[in-house]
Amino acid sequence: MNAAPFDIIPAWRIARLRAALRDAEQRGATPDDEGHDLTHRALQRRFVLARGRAKHGSRLASRPKTTRKGRSFPHLKLVVIWRAILSHRPSGWKQGDAAPFGSIRNAHDQAVAACRAAGLAPPRYRTVYVLWHRGVPPVDVIAALRAARRSGWQLIGNQDEVRGRCRFFRGARAATV
């Protein structure tokens with residue numbers, strides 16, 4: 001394949017195209033916008049996809065979430081890890097902020113205890129570290145966390161009875177092992 005035609009596209013043009021696609025997707029999520037002024041078919045396609053997601057809700061991923069080495073995570077494990085991360089992360093945290101000393105370790109310890117209580121393999125420290133710095137959990141995990149908060153932080157039944165290792169209460173920040 002000859003890559004010569006692609007050598008001449010400047011980076012600013014690519015950035016502008018990506019911004020336009022993002023803008024079309026955001027406009028599709030707002031119900032007031034009809035998108036009649038979108039002339040390019042790629043912009044129209046992004047608009048329609050976002051409109052469908054806003055109307056029908058985002059569907060779960062067709063493939064399970066995997067690590068960079070191809071290992072898959074059960075959904076419950078992702079929810080448990082993100083719950084531990086969000087319980088130890090400061091409320092005013094922004095992506096790029098440094099983690100307070102020991103907070104990732106505490107989140108990892110809580111995730112390990114919760115995964116063991118749920119009968120799941122415990123996460124690696126690196127997994128918790130990467131997810132901490134990635135920023136925001138996926139949409140389906142946020143929905144599960146909100147549902148768990150409404151039911152009193154109980155992700156899998158009564159966690160005190162599941163091997164007696166982990167307790168999740170509304171104000172609890174650390175798991176008892």
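Contact means heavy atoms within 4.5 Å, and helices (H or I, at least four residues) and strands (E, at least two) are DSSP runs numbered from the N terminus. The model is predicted: local features need pLDDT of at least 70, side-chain atom pairs count only at pLDDT 80 or more, and totals for chains, interfaces and linings use all residues. Residues are numbered from 1 along each chain as its sequence is written, and side-chain values use heavy atoms, with hydrogens and water left out.

**Figure 1. Overview of the protein chain.** The secondary structure comes to 6 helices and 0 strands, in the order α-α-α-α-α-α from the N terminus on. Of the 177 residues of the protein chain, 30% count as buried; buried means under 20% relative accessible area, exposed over 50%, and partly exposed in between (1.4 Å probe, protein chains only). The accessible surface of the chain is about 12400 Å², with 54% belonging to carbon and sulfur atoms; such areas come from the Shrake-Rupley method with a 1.4 Å probe, and for residues only the protein chains shown count as cover. Among contacts between residues at least 6 apart in sequence, 56% join residues at least 24 apart.

**Figure 2. Helix 3 and its surroundings.** Helix 3 (75–88) has 14 residues and reaches 20 Å from its first C-alpha to its last, close to the 20 Å expected at 1.5 Å a residue. The expected span is 1.5 Å times one less than the number of residues in the helix. Because 11 of the 14 residues of helix 3 are buried, this helix is largely enclosed by the rest of the structure. Among the buried residues are Leu 78, Val 79, Val 80, Ile 81 and Trp 82, together with Lys 77, Arg 83 and His 88. The cover over the buried residues of helix 3 includes helix 4 (103–118), helix 5 (125–134) and helix 6.

Figure 3. Val 141, Leu 145 and Ala 148 are buried in helix 6. These residues cover an arc of only 60° around the axis, which puts them on the same side of helix 6; the arc is that of the directions from the helix axis to the C-beta atoms. An α-helix has 3.6 residues a turn, so residues three or four places apart point the same way. The buried residues of helix 6 pack against helix 3, whereas Val 139 and Arg 150 are exposed on the other side of helix 6. Ala 143 also lies in helix 6 and counts as partly exposed at 44% relative accessibility. The C-alpha atoms of Ala 143 and Val 79, 64 residues apart along the chain, are separated by 9.6 Å.

Figure 4. Helix 1 (residues 11–29) comprises 19 residues and reaches 27 Å between its first and last C-alpha, close to the 27 Å expected at 1.5 Å a residue. Ala 24, Arg 27 and Gly 28 are buried in helix 1. An arc of only 105° around the axis holds these residues, which puts them on the same side of helix 1. The buried residues of helix 1 pack against helix 2 (41–56), while Ala 11, Arg 18 and Gln 26 are exposed on the other side of helix 1.

**Figure 5. Arg 89 and two tryptophan rings.** The charged end of Arg 89 sits over the ring of Trp 93, 3.8 Å from its centre. The charged end of Arg 89 also sits over the ring of Trp 132, 5.6 Å from its centre. A charge sits over a ring if NZ of Lys or CZ of Arg is within 6 Å of the ring centre and within 35 degrees of the ring normal.
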